[in-house]
Amino acid sequence: MTAGADGAPILEVSGLTKRFGGVTAVNRCSLALAPGRIYGLIGPNGSGKTTLFNCITGLSARDAGTVRFRGRRIDGLPSHRIARLGIGRTFQVIRVFPELTALENLLVVSRGEREAAIMRARELLGFVRLDGLASEFAGNLSYGQQKLLEFIRVLMLDPALILLDEPAAGVNRTLLNELLTAIRGLRDEGRTVLIVEHDMKVVMGLCERVFVLDYGEKIAEGPPEAIQADERVIEAYFGR
Amino acid sequence: MRRALLLAAAVGLLLLGLYPRVASGYGIRFMLQLFMWVALAQSWNLISGLTGYVSFGHVAFFGTGAYATAILVTTHGWPWPAAAVGGGVAAALLALLIGYPCLRLKGPYFAISMLGLNEVMRVLVSYFEGLTGGGLGLSLPTLYASVAIYYAMGLAALAATGAAHLIITSRFGLRLMTIREDEVAAEAMGIDTARYKLYAFLLSAFVPGVVGGLFARDLGYIEPVAVFPLAFTITMIVMALFGGKGTVWGPVLGAAALFVFQELVWARFLYLHQILFGAIIILVVLFVPRGILGVLQQRYRLPRYV
Amino acid sequence: MSVLITPAMVAQVVVSGLLAGALYAMVALGLALIFGVMRVINVAHGTFLTIGAYTTFWWFRLLGLNPYLSLLLAMPLMFLLGMVFQRTMVRRVVNAPELSSLLLTFGLSIALVNVLQLAFASDLRSVEYLTGAFVVGGLAFSKSRVVAFGFAVAITALAYWFLQTTRFGKAIRATSQSPEVAMVCGVNVERVHLFTFGLASALAAAGGSLVAVMVAIQPEMGQVYTFKSFLVIVLGGAGNYPGALLGGLLLGLVEQLASLFLTTQLSEAVAYLLLVLVLLVRPTGLLGGRAT
């Protein structure tokens, strides 16, 4: 649980546990993220990754453990407050607002002055080259376009921490590279990113540090190369 | 384009304003009721069309406003315009009381809780006889004020539509719509859905309250069954759905179309008329769920202020 | 409001509550099935009950048919009618946003109620069949309620037996838990939906037949039963079928207790308050069901 040389961790999860009836989806999970890094969260299907995201962002109420964001406890807060505090997330299954236009999807997130918000929204749309589709209903966009839209929508929150749930899923090569570049750009801006991914190439190429979950427990953490060689990780994925 | 629409609207308003000078008593009452339905359909649209939280008991606010107004006029001697506003406030208070707990519930559970609201209000009104005259009803002092009420209802319809325009073209309105689209995602994007739902609900209750008060004044006599009829909720819903749920002018279109139809064609055959309303709801839900204007808006990418 | 509460009164109330509760449980089971299997909120449920009541009334009036016998006929009839509704309309709003199924069944309910109004007018009807009461140890229980209880228990038990032991019953429960997995396991989900809606409608109609002997029949009588069925589901937990049983009994008890202290009208308001309270405090129902 290294905080890194940059000082206090931006996110600290301690002993987080979440049960669904008889199933323990997340079991005393602890991790810490240093600011300005890209982290990966991997593990076999059903290992509790998305549940962990849900607990951090307040979508699910955790049964035990704490979550600290910038030193302040956020567990138990409603998800809209957590979002406003600076944690943004995307979803495994894309959740844009289908009957709002692309521009409106971004606009609803913004606070502050409307004109400035519209400008910022158009800027972000331009950034991912969706500006031509600003007035298109989000439900009419292609899968890849919706993925990008969801991505920049999170940025409208101006988040310090971004949780991405399988950003590479179902995305073609070109788009993927754009996303990866964008994610690195976020890191360079000083934001912290935590990515759930199954695509190992993406994880290895992008993440500076990786956490591995299996059956809701953290079984390993470290730089990608170390994780690749870790016996427990290999066993978790293949050994059963 | 916008300039032309505004000009047309201004002319329309002028014509409506002058109408009572040339119209018969029936004509005035016809338009008066039409205004009332526009206001009611707009108010239902505000909560249910935008947020997707179906208010089945919405006429409870109408009835509450009617009674509050009647009581203010008879027992406290208020002039009826002020009393009507009082009716609106009373309805909004009821919405606060009910909405604060119930809006926390997920969509289907909220709808279930609203199913009973109308009946409960009717029962309560009947029970507290001392205040409301119970089953015997309440009589207001006689007053011929059809023309004044025409203007008042017209103002209510105008205000409701104006509010709809302001809301739907604003971020507030967009946020309400995200509640309908995907409440979980909306929360994750920092939108305090509980608070927004409550605001929408309060606003959506105020207008029926005022309109209920005007209705009471116009009728001169109210009793529980008259002001808490389930048929009113049905009519409101059909109008908003048919015209275009979630749009600004949809409820106006729906109210106009269905009210005219109702008055000219079906008023003679009450039950048949209701059956047809039921059938319309079914057909709209199955084939044109967004209503006429909603479909047009999607197809031709019309701006939000339509 | 100083009423002297004797033990006899309490016993009377408790038993009356249970008698009524079984009926609520049976009808509510139908609603629970529709919601559990298809995620459809059937606001027309009470109207199906009303149809059951009217068929029983007319068979009694025109054919002199024993109402309890006509129950056995009304059920299959409503089963078929339910399947027709499902096939033509409800099918399209299965698993759709709640607004759609709510409005659809609402429209259906309006149309049906007014068809009944048109056909039979709002005159109050009743089936004068089983009058009088059983007197047991100083307590009196109306015969029709006792018989209704018996039928309700039998039918509900049969329904549960069906759901638990037969293959199709298991298919229904499987679909209720996870339609996708059920499909993968070879369950014909469409057929399950069709059958379930039919079954649920039949349960409502059975309730109507039983109720026809006890209360006044008029087109809008179903509304209060729709509401009560929802209350039962909320109490017992959505998608929790044994919960519907418990919820029904609980509702019956609470109702009777409330009527001890309040007028019947106010006890309806109490039922409503109970609904809101339970929804707020334990939205998954007292026994815990699905959180939607």
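**Figure 1. Ile42(A) sits in strand E3 (residues 38-42) of chain A.** This is a predicted model, in which local features need pLDDT of at least 70 and side-chain atom pairs count only at pLDDT 80 or more, while totals for chains, interfaces and linings use all residues. Residues are numbered from 1 along each chain as its sequence is written, and chains are lettered from A and ligands numbered from 1 in the order in which they are written. Strands (E, at least two residues) and helices (H or I, at least four) are DSSP runs numbered from the N terminus. Ile42(A) is buried because 25 other C-beta atoms lie within 10 Å; the class requires 20 or more such atoms within 10 Å, whereas 12 or fewer make a residue exposed and counts in between partly exposed, with C-beta atoms placed from the backbone. Beyond its neighbours within four places in sequence, Ile42(A) is in contact with Glu197(A), Val203(A), Val210(A) and Val212(A). Contact means that the C-beta atoms of two residues, placed from the backbone, lie within 7 Å. Val212(A) is 170 residues from Ile42(A) along the chain, yet their C-alpha atoms are separated by 4.9 Å.

**Figure 2. Chain A has nine helices and 10 strands.** Its C-alpha trace spans about 50 × 40 × 35 Å along the principal axes. The radius of gyration of chain A is 18 Å, which agrees with the value near 18 Å for a compact globule of 240 residues; it is taken over C-alpha atoms, and the globule rule is 2.2 Å times the number of residues to the power 0.38. Of the 240 residues in chain A, 44% are buried. Among contacts between residues at least 6 apart in sequence, 67% join residues at least 24 apart.

**Figure 3. Chain B touches chain A through 17 of its residues, against 22 residues from chain A.** Helix H9 (residues 171-188) of chain B gives the most to the side of chain B that touches chain A, with 11 residues. That side has seven nonpolar, three polar and seven charged residues. Here Ala, Val, Leu, Ile, Met, Phe, Trp, Tyr, Cys and Pro count as nonpolar, Asp, Glu, Lys and Arg as charged, and the others, Gly among them, as polar.

**Figure 4. Chains B and C have the most contacts among the two pairs of chains that touch.** Their contact takes 32 residues from chain C and 35 residues from chain B. On the side of chain C that touches chain B, H4(C) gives the most, with 15 residues. By class, the residues of this side divide into 23 nonpolar, six polar and three charged. No contact joins chain A and chain C, and their closest C-alpha atoms lie 11 Å apart.

**Figure 5. Helix H3 (residues 67-88) of chain C has 22 residues and end C-alpha atoms 30 Å apart.** H3(C) bends by about 25° at Leu73(C), followed within four residues by a proline, Pro76(C). The bend is the angle between axes fitted to the seven residues ending at a residue and the seven starting there. Buried residues of H3(C) include Leu71(C), Met78(C) and Phe85(C). Their cover includes helix H2 (45-63), H4, helix H5 (143-165) and helix H8 (189-212) of chain C.

How values were computed. Expected span 1.5 Å × (residues − 1).
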